Amino acid sequence: MPLLVPGTDDAALRAALASPDTWLVACFCAAWCDTCNQYRPKLEALAVDRPRHAYAWIDIEDQPELLGDVDVENFPTLLVQAGDRVLFFGPMLPHIGHLERLLDNLGHDSPAIATDLPDVKALLAGATV
């Protein structure tokens, strides 16, 4: 599955997120961020290598409503959401191996964490962005 961008790939995002079992792995980034620009090809490759998840590249300046009142100050900031449960949300060193290990260690029984984020998966699945 390719790395999808809200606003450009809305139909593909809706299709990818149609199954309640599909996890959303979203990277919150900014076009001006050199670190994000270096991280993106690695995330694109991961999205192809691990197609059981839906991967989204969310520019915080183009899609601020996906963050609600949450401020992203460090890049990349990653979200892993299973259903309506957030399993991870926070900055991550820009080494794709860290995200790979995180995904390997999370499961459907992993505890949810509290965030002030809106339900990003539901917003993207409904393409209400």
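Visitor: What covers the buried residues of helix 2?

Guide: This is a predicted model. In it, the cover over the buried residues of helix 2 includes strand 1 (3-4), strand 2, strand 3, strand 4 and helix 3 (96-105).

Visitor: Which residues of helix 2 are buried?

Guide: They are Cys-36, Tyr-39, Leu-43, Leu-46 and Ala-47.

Visitor: How does the span of helix 2 compare with the expected one?

Guide: Helix 2 has 16 residues. From first C-alpha to last it reaches 24 Å, close to the 22 Å expected at 1.5 Å a residue.

Visitor: Where does helix 2 kink?

Guide: At Arg-40, by about 30°.

Visitor: What makes strand 2 mostly covered?

Guide: Strand 2 spans residues 23-29, and seven of its seven residues are buried. Trp-23, Val-25, Cys-27 and Cys-29 point one way. Leu-24, Ala-26 and Phe-28 point the other way. In a regular strand, side chains alternate between the two faces of the sheet.

Visitor: In which sense does strand 2 pair with strand 4, and in which with strand 3?

Guide: With strand 4 (residues 77-82) the pairing is antiparallel, over six bridges. There Phe-28 stands opposite Thr-77. With strand 3 (residues 54-59) the pairing is parallel, again over six bridges. Leu-24 faces Ala-54 in strand 3, and Cys-29 has Asp-59 as its bridge partner.

Visitor: How does the chain get from strand 2 to strand 3?

Guide: It crosses through helix 2 (residues 34-49). This β-α-β crossover is right-handed.

Visitor: What is the strand order of the sheet?

Guide: The five strands run 1-3-2-4-5 in an open sheet, with mixed pairing.

Visitor: What makes strand 1 and strand 5 edge strands?

Guide: Each of them pairs on one side only.

Visitor: How many aromatic pairs are there?

Guide: Two.

Visitor: Why is the contact of Phe-28 and Phe-89 called an edge-to-face pair?

Guide: Two values decide it. The ring centres are 6.0 Å apart, and the limit for a pair is 6.5 Å. The planes stand at 85°, and edge-to-face needs over 60 degrees. So the pair is edge-to-face.

Visitor: What does this pair tie together?

Guide: Phe-28 lies in strand 2 and Phe-89 in strand 5 (residues 85-91), so the pair ties together parts that are 61 residues apart in sequence.

Visitor: Why are the rings of Trp-32 and Phe-75 called edge-to-face?

Guide: Their centres lie 5.5 Å apart and their planes stand at 90°. The distance has to be within 6.5 Å and the angle over 60 degrees. Therefore the pair is edge-to-face.

Visitor: Where do Trp-32 and Phe-75 sit?

Guide: Trp-32 is in the loop between strand 2 and helix 2. Phe-75 is in the loop between strand 3 and strand 4. The pair links distant parts of the chain, 43 residues apart.

Visitor: Which form does the peptide bond from Phe-75 to Pro-76 take, cis or trans?

Guide: Cis, with omega near -10°. Pro-76 is in the loop between strand 3 and strand 4. Most peptide bonds are trans.

Visitor: Why does Leu-17 count as buried?

Guide: Its relative accessibility is 5%. The cut-off is under 20%, so Leu-17 counts as buried. Leu-17 is found in the loop between helix 1 (10-16) and strand 2.

Visitor: What is Leu-17 in contact with, beyond its neighbours within four places in sequence?

Guide: Its contacts are Thr-22, Leu-24, Ala-54, Lys-121, Leu-124 and Ala-125. Leu-17 and Ala-125 are 108 residues apart along the chain, yet 5.5 Å separates their C-alpha atoms.

Visitor: What makes His-53 buried?

Guide: A relative accessible area of 4%. That value is under 20%, so His-53 is buried. His-53 lies in the loop between helix 2 and strand 3. Not counting residues up to four places away in sequence, His-53 touches Met-1, Thr-22, Trp-23, Val-25 and Leu-103.

Conventions
Residues are numbered from 1 along each chain as its sequence is written. This is a predicted model: local features need pLDDT of at least 70, side-chain atom pairs count only at pLDDT 80 or more; totals for chains, interfaces and linings use all residues. Side-chain values use heavy atoms; hydrogens and water are left out. Buried means under 20% relative accessible area, exposed over 50%, partly exposed in between (1.4 Å probe, protein chains only). Helices (H or I, at least four residues) and strands (E, at least two) are DSSP runs, numbered from the N terminus. Two strands pair if DSSP finds at least two bridges between them. A crossover is right-handed if, with the strands pointing away from the viewer, the path from the first strand over the helix to the second runs clockwise. The expected span of a helix is 1.5 Å times one less than its number of residues. The bend at a residue is the angle between axes fitted to the seven residues ending there and the seven starting there. Contact means heavy atoms within 4.5 Å. Rings of Phe, Tyr and Trp (its six-membered ring) pair if their centres lie within 6.5 Å; planes under 30 degrees apart count as stacked, over 60 as edge-to-face and the rest as tilted.
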